[in-house]
Amino acid sequence: MFHLAPNKQKCFKEDIQANQLVMGEYEVSDVSGQVIDYIARDTKEHILSQKEQITKGKFNFMSKTIYMNI
């Protein structure tokens with residue numbers, strides 16, 4: 001768990017082998033007027049997974065390169 005201030009981003013860099021299924025879950029605290037989006041990109045900035053206005057759910061994608069920014 002972590003706290004993220006309004007209008008800020010957080011980057012997670014994971015060592016993931018190419019062609020691997022990456023899965024995860026998320027849950028966002030409800031704050032009036034706050035909108036949360038997420039984007040998973042590879043190190044070449046290709047978008048692998050993206051959702052807008054998230055609250056709770058799951059994500060998955062196939063890795064394309066060895067290092068991923070999530």
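Leaving aside neighbours within four places in sequence, Glu 25 is in contact with Gly 57, Lys 58 and Phe 59, where contact means heavy atoms within 4.5 Å. Glu 25 sits in strand β2, which covers residues 21-27; strands here are DSSP runs of E with at least two residues, helices are runs of H or I with at least four, and both are numbered from the N terminus. With a relative accessibility of 64%, Glu 25 counts as exposed. On this scale, buried means under 20% relative accessible area, exposed means over 50%, and partly exposed lies in between (1.4 Å probe, protein chains only).

A word on the model itself: it is predicted, so local features need pLDDT of at least 70 and side-chain atom pairs count only at pLDDT 80 or more, while totals for chains, interfaces and linings use all residues. Residues are numbered from 1 along each chain as its sequence is written, and side-chain values use heavy atoms, with hydrogens and water left out.

Ser 49 belongs to strand β4, residues 47-51. Ser 49 is buried, because its relative accessible area is 12%. Its side chain joins that of Tyr 38 in a polar contact of 2.5 Å; such a contact is a pair of N or O atoms within 3.5 Å, and within protein one must be able to donate a hydrogen and the other to accept it, with residues adjacent in sequence counting only if both atoms are side-chain atoms. Beyond four places in sequence, the residues in contact with Ser 49 are Tyr 38, Ile 39, Ala 40, Phe 59, Asn 60 and Phe 61.

As for charged pairs, the count comes to one salt bridge, meaning a side-chain nitrogen of Lys or Arg within 4 Å of a carboxyl oxygen of Asp or Glu. Glu 45 and Arg 41 make a salt bridge through their side chains, at 3.1 Å from N to O. Glu 45 counts as partly exposed at 46% relative accessibility, and Arg 41 is also partly exposed, at 29%.

Leu 4 lies in the segment before β1 (13-15) and, at 34% relative accessibility, is partly exposed.

The UniProt record, an unreviewed entry, places "domain: GOLD" at residues 2-64; such annotations may be inferred rather than shown by experiment. Over residues 2-64, the chain is 0% helix and 43% strand, and the end C-alpha atoms are 27 Å apart.
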